[in-house]
Amino acid sequence: VSARRRWVDIGLTSFTYLVLLVMLAPVLWLVASSLQPNGNLANGEYDLLHPTLDAFGDMWRNIDFERYLANSIVICTGAAALATAFASSAGYALARFRFRGDKAYGVTVIGTQLIPGSLFLLPVFLGFVWLGQNTPIELLDTHVGLILVYTAFFTPLAIYFMRAFFQAIPRELEEAALVDGCTRFGAFVRVVIPNAAPGLLATFVYAFLFAWDELLFATALTEQDAETIPIGIRNFIGNYNEEYDQLMAAGVVSTIPVLIAFFATQRWLVKGLTAGAVKG
Amino acid sequence: MTTKTLKKPVARPVAPPKARSAARGRERFAYWLIAPALAFMVLVHLIPTAAGSFLSLLDLNTFTFQQLFGAPWAGLSNYDAILFDSANPLHSGFTNAASNTLFYTAVVVAGTLSGGLGIALLMNRAFPGQRVVRTLMLTPWVVPSFVVAVLWEFMWQRDAGIVNKVLVDYTGILGERPTWLLGENTMWAIIVPSIWRGIPFAMLIFLAGLQAIPRELHEAAALDGAGTWRRFRYITMPLLRPLLAIQLLFGVIYSAYQFTIPFVMLGSNPGPSADLMMTLVMRQSFSNNLFGYGAAVSTLLMLAMLVWVGIWYATFRRDFAEANA
């Protein structure tokens, strides 16, 4: 390797790390700002050697963060679990079986992504109001209501996600189980699902990440009891819009759960995200 | 369920009875597998979408809201007001939001894809810490959009914000402090964070594509005397084209439907320079109770996306036909 080539190499590597630093800078700024008193944020003079956790305590009390956090965790976990369950069975059907209407079904699943949320939001809202007035089913401003809606939202892409994982599992596994006397459903549950465990986990995290960030439907379908974190933060901005230390602290706390979930599963998540892309 | 009607016998090569019933059993099993997802799709996506399009034909507002689907019939008058009635303030609101959305979508998609491709090319070589860098590079994509909006709103502050500190105080790139959160610059205030959050995902997809290109192709071309640029132009780009196409398709749809970033950063009325289609629809529907109008704008937005899918399909269909062959 020539000396010139080696210097180019070092240069490119340093540049890569510089790009990484620029991409991470806003996140680092978020964390740094959450550890400063509000006065320092207002005049921009940070004292990084003396961090304080005050903003976290203030934010927890003033935003009533616990309530929103609990709602978000319940709703997103429920929706991600249901979406993963439905997507694994539908994804398995698309990966392994040919049935009349399979192509049409596949296209319709993707087609749902074309519909602007605002178009079906109002009828869903009206449907919830109607159910509340005419039946004992309470869906407006409840965990169940948002879980059902989010399940429907994140199932379509999760189906394609799971399909890619199932396609990577050899058919012989199920065939052997069928020969051994398993029913089709038994083979799916006892043989295929355990082999697709990393895919299930990745799909769950993927659906969870998206549900965590959903704001449009949460705005319309919650009033008080089922409000999620983005709504809580939006309300807080409306009430105290200058308290940036608390907002930054709330931002950090809102990001930590998804960041942990992402880094813990990124090996499989990255595989799921890129598998469909590379195979076309 | 539709399983009954779908099972109508069709002309098929005659198979032994046992094989035929096995095939039918497999098909029935497949319908059971898709049933839950299908039920949710019909109940939450398809029926409400049809109902939403129907509402766009009604005069549904504060006064008629109690009547719901029985509100006075308006025919196409909502559409007429939006598209052609230049005396109607809703018309100018719509054309303004439409052109903003077009600009936002074009810049965000172009910025995200070119930034993602650039970083992917930079990372597609062996260097110490490659895997860790790739994972850390994804961080902005994991930060929720509502946090991105709050964070950047803070960074865009005119006096204390870090953006102006860097641009004006530390580097002197700009002579005086721009106001980002008011007036014309608001469009850039929502574009920059959107690109920042979008780049990692594009990078991930392009990098996976780059790593799937056999090294021998580049080596052979290099032996034949092709330089870096020619190899990029004639080997890398054609092989990345299907990935570019897919990201273009979903990137445009996703950006055209952007709501969270302008709504959290700038409020329910982001102002004339940053009002996008979704913020317009939500404000008119839920703050001003103009539900028929909102439904009509949403329907138009969906039609625009259908046109986009048509254009996309005509442009890229051959790439996918080749991939499948």
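B:Arg283 and B:Asp275 are both buried, and their side chains form a salt bridge with an N to O distance of 2.7 Å. The model described here is predicted. Across all chains, a search of the whole structure identifies 11 salt bridges; this briefing presents some of them.

**Within helix 3 of chain A**

- A salt bridge connects the side chains of A:Arg67 and A:Asp64, at 3.0 Å from N to O.
- Both A:Arg67 and A:Asp64 belong to helix 3 of chain A, which covers residues 54-96.
- The two residues are 3 positions apart, about one turn of the helix.
- A:Arg67 has a relative accessible area of 28% and is therefore partly exposed, since this class lies between 20% and 50%.
- A:Asp64 is likewise partly exposed, at 34% relative accessibility.

**A network in chain A**

- A:Asp64 and A:Arg67 also take part in a network of salt bridges that includes A:Glu227.

- A:Arg100 pairs with B:Glu27 in a salt bridge whose closest N and O atoms are 2.8 Å apart.
- This pair joins two chains, because A:Arg100 is located in the loop between helix 3 and helix 4 (102-111) of chain A, while B:Glu27 is located in helix 2 (residues 17-55) of chain B.
- A:Arg100 is partly exposed, its relative accessible area being 24%.
- B:Glu27 has a relative accessible area of 6% and so is buried, the limit for that class being under 20%.

Notes
Residues are numbered from 1 along each chain as its sequence is written. Chains are lettered from A and ligands numbered from 1 in the order in which they are written. This is a predicted model: local features need pLDDT of at least 70, side-chain atom pairs count only at pLDDT 80 or more; totals for chains, interfaces and linings use all residues. Side-chain values use heavy atoms; hydrogens and water are left out. A salt bridge is a side-chain nitrogen of Lys or Arg within 4 Å of a carboxyl oxygen of Asp or Glu. Helices (H or I, at least four residues) and strands (E, at least two) are DSSP runs, numbered from the N terminus. Buried means under 20% relative accessible area, exposed over 50%, partly exposed in between (1.4 Å probe, protein chains only).
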